[in-house]
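Walk through this structure with me. We begin at a pocket, move to a pair of helices and end inside the protein.

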Amino acid sequence: MNFARSAERFADPVKEFEGVVVITAPHMDDEVLACGGTIAQLPQKNRIHLIYATDGSRSPAPALPIVDSASPDLGLMRMQESKAALQILGVPEENLHFLGFPEARLKERIKEFSDSLFTLIKTINPNHVITPFRYDRHPDHLAVNRATTQALQRGAFKAKLTEFFVYYRWRLLPGGDVRKYIHPDHLIKINIEDVSSIKQMALNCFRSQTTKLYAWQDRPILPRASLDEVCQNPELFLRYDPSSPGPSVFTKAHDWIRFVHLIETPLKKKKDKARALLYRCRHWNEQ
C-alpha cells in the first residue's frame, strides 16, 4: 500500500470526527505524534478531550540506573510540555485529564486504571474515542488500548472507536511499516500538509523528548528524522470493527506480525541498553 499523497483518498477530519472527541494517550507526546495534525484541523476545540494514562516519570529513563538518574520533576516537566503543545493546537487546558499512573508499569495497576478510565469516559460521553493501535509495541500503549476497548464493551460510551499509530515502524517486518499490512478499507488517512508547521511547533514543546536532556543520553527519545517523518506524512487511523478483531485487519503475514510484535520490543531494549553502556564507557574514558 502506498501512502503517497492522493487527494481523492484523503478523509475529511471534520466529517470523520464529529461531536465530542476523546483521545486516550498512554504518554505525554503520543497525542501530538499520532494525532497532532488532525487535532489542528478540527473546529470547536472545546469538544476535544485528552486523557493521559501515565505520569511521565520514566522517559527518558537511564539504561544504567545504578550510575545515572532522571530528575524527580520529569513527570511535571512532561505535563507542562503537553499543556504547551495542546495550547498551540487550540485545546483548552481544562480538557486535559492526567490520571498519573506509573509510566512503563501501567499493567501492574490495570484494574484501577481501567476503572478510572471507564468513569472518566462515561462522564465526558464522547461521540468518538481514539486510542492506541491494538498491536502497538509499548506495553503502556497496549494496556490503554485494551482498557479503552473494554470500556466500550462495558458500555462506558456508545461512540465510534478509532486506533492511532505511534510505533508503526517495525524493523523485522518487510517494508518496515505495519500499517501497510492493514486492509485499506479499515484505514482513515488524513492529509496534514496545511498544518504540518503547527504540528511541528507543538512537537517542539516536548523538549524532554526532542533533546538530550541528560548527559548520560546518547541521543534524544525523538530524533529529528522521526519528527520530520510524522510532520511531513499523512496521519493514519484504524477503524475499530468488532467483527474484525486482532490480526484479522491484516491482509497477509498474520503469524509473522504477531511473532515480530512479541520479540521486537525486548530485542530493542537489549540493543538500547548495550548502546547506552558503550556510550557511558566512552564518556568515562574521555574524562
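This is a predicted model. Start with the second largest pocket, whose lining divides into four nonpolar, four polar and four charged residues. Its volume is about 210 Å³. Helix α5, residues 139–153, gives the largest share of this lining, with four residues. Among the lining residues are Asn145, Arg146, Thr149 and Gln153. Arg134, Tyr135 and Glu163 also line the pocket.

Now turn to two helices. Helix α3 spans residues 74–89, and helix α6 spans residues 196–204. Their axes come within 8 Å and cross at roughly 165°. An angle over 145 degrees counts as roughly antiparallel, and α3 and α6 are therefore roughly antiparallel to each other. The crossing of α3 past α6 is right-handed. On the α3 side, Ala85, Ile88 and Leu89 make the contact. On the α6 side, Ile198, Met201 and Ala202 meet them. What classes do the residues of this contact fall into? Six are nonpolar, with no polar and no charged residues.

How many cavities of 30 Å³ or more does a search of the whole structure find? The search finds one. The largest cavity has a volume of about 30 Å³. Its lining consists of Val21, Ile23, Cys35, Thr38, Ile39, Leu42, Ile48, Ile130 and Phe237. Two elements, β1 (21–25) and α2 (30–41), each give two or more residues to this lining. The largest share, three residues, comes from α2. By class, the cavity lining has eight nonpolar residues, one polar residue and no charged residues.

How values were computed: Residues are numbered from 1 along each chain as its sequence is written. This is a predicted model: local features need pLDDT of at least 70, side-chain atom pairs count only at pLDDT 80 or more; totals for chains, interfaces and linings use all residues. Side-chain values use heavy atoms; hydrogens and water are left out. On a 1 Å grid over the protein atoms alone, a cavity is a set of points where a 1.4 Å probe fits but cannot get out, and a pocket is an open set with protein on both sides within 12 Å along at least five of seven lines; lining residues have an atom within 4 Å of a point. Grid points are joined across faces, edges and corners, and a volume is the space filled by probe spheres set on the points. Ala, Val, Leu, Ile, Met, Phe, Trp, Tyr, Cys and Pro count as nonpolar, Asp, Glu, Lys and Arg as charged, and the others, Gly among them, as polar. Axes are lines fitted to C-alpha atoms, for helices over the stretch in contact, and angles run from 0 to 180 degrees between N-to-C directions. Angles under 35 degrees count as roughly parallel, over 145 as roughly antiparallel, 65 to 115 as roughly perpendicular and the rest as oblique. A crossing is left-handed if the near helix is turned anticlockwise from the far one by less than a right angle, and right-handed if clockwise. Contact means heavy atoms within 4.5 Å.
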